[in-house]
Amino acid sequence: MKTLAVMNEKGGVGKTSLVAHAGWYLAERFRTLVIDLDQQANLTATLGAHMAPVDSVELFARPTRVPDVGRLTVTRSTRDLLGVEGVDRACIATFRDSPAAMAADYEVCVIDTPPALTNRTFGALLAADAVLAPVGINDYSIQGVAELLRAIKGVARHYGRPEPLFLGLLPSIFDRKSRRERELFESLAEQAGRLLFPGLLAKRDPYARAASDRAPVWAMKGSAAREAAQEIRGVLATVAQRMELGA
């Protein structure tokens, strides 16, 4: 099983929408586990039809196997996840051991993380084979990038493991009509060009509708949904290729 952690210290960058679509997309080809570590539980609401009888917080208490409920299986976020931040940091390694215990049960795991560098985030980093960081094209979102990269290196160094593959910074909720955002995007490309993911997700209504409809954009009708589907499936195809899924 290969594990992808999706993270950014800043909220509101389309992280949960990306993880939901990753779950739907990957489950077309692979036995897929999605772990919701964000106490806001938006992902849990969106993917509620695929919920396992296991809460995500249990993965920090002891190495835990999650029984599959189909091609796509999701562990539930609860407010109890906040308690993980007040316990011994041994829980970080315990969380790592949970996906490892399911190596034969699933082919791919996607982890949605909270918008902060916490025990939950560090656990996801320790378990991850690859990391993808969606970023909003604004000053405050971009400022958190350096801290995220330090965290990736720091966790690997502390636990004596190779760094996970950093897939890049994925510009998300990008408003092409905004002159300010276009200028910021150009600045980001100049400063961190080699760190940019080869693709982006524009600001589109179908992505917001996907959460309320609990269905991927490619299940919707209309030209706007078709454009969104082509865009996000292209991004996810690149993720799968670079993670060598199915190889």
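Author: Contact means heavy atoms within 4.5 Å. Keep that in mind for this predicted model.

Reader: Among contacts with a separation of 6 or more, what percentage comes from residues 24 or more positions apart?

Author: The figure is 78% in this protein.

Reader: How many helices and strands does the protein have?

Author: There are 10 helices and 7 strands. The radius of gyration is 17 Å, close to the 18 Å that the globule rule gives for 247 residues, so the protein is as compact as a globular protein of that length.

Reader: What box do the C-alpha atoms fill?

Author: Taken along the principal axes, the box is roughly 50 × 40 × 35 Å.

Reader: How do I read burial, and what percentage of the residues is buried?

Author: Buried means under 20% relative accessible area, and exposed means over 50%. Here, buried residues make up 54% of the 247.

Reader: And the surface: what is its area, and what share belongs to carbon and sulfur atoms?

Author: The accessible surface comes to about 11100 Å². Carbon and sulfur atoms hold 49% of that.

Reader: Where do the mean positions of the positive and negative charges lie relative to each other?

Author: They are 3 Å apart. The protein has 31 positive and 28 negative charges.

Reader: Let us take one residue. Where is leucine 167 placed?

Author: Leucine 167 sits in strand E7, which spans residues 165-172.

Reader: Is leucine 167 buried or exposed?

Author: Its relative accessible area is 1%, so leucine 167 is buried.

Reader: Which residues does leucine 167 touch, leaving out those up to four places away in sequence?

Author: Leucine 167 touches Leu4, Ala130, Val131, Leu132, Phe197, Val239, Arg242 and Met243. For a distance, take threonine 238. The C-alpha atoms of leucine 167 and threonine 238 are 9.4 Å apart in space. In sequence, the two residues are 71 apart.

Reader: Now a helix. Which residues of H9 are buried?

Author: Helix H9 covers residues 205-213, and its buried residues are Pro206, Tyr207 and Ala210. Seen down the axis of H9, they fall within an arc of 105°, so they line one face of the helix.

Reader: Which exposed residues does the face of H9 turned away from the buried side carry?

Author: That face carries Asp205, Ala208 and Ser212.

Reader: Which helices do the buried residues of H9 pack against?

Author: They pack against helix H1 (15-26), helix H2 (42-46) and helix H10 (223-242).

Reader: What follows H9?

Author: Arginine 214 does, and its phi is positive, near 55°.

Notes. Residues numbered from 1 in each chain as written. Predicted model: local features only at pLDDT ≥ 70, side-chain atom pairs only at ≥ 80, totals over all residues. Heavy atoms only, no water. Helix = DSSP H or I, 4+ residues; strand = E, 2+ residues; numbered from the N terminus. Buried < 20%, exposed > 50% of the residue type's maximum accessible area, 1.4 Å probe, protein only. Rg over C-alpha atoms; globule rule 2.2 N^0.38 Å. Areas by Shrake-Rupley, 256 points an atom, 1.4 Å probe, with all protein chains shown as cover. Lys, Arg positive; Asp, Glu negative; His and termini not counted. Charge placed at Lys NZ, Arg CZ, Asp CG, Glu CD. Arc of directions from axis to C-beta.
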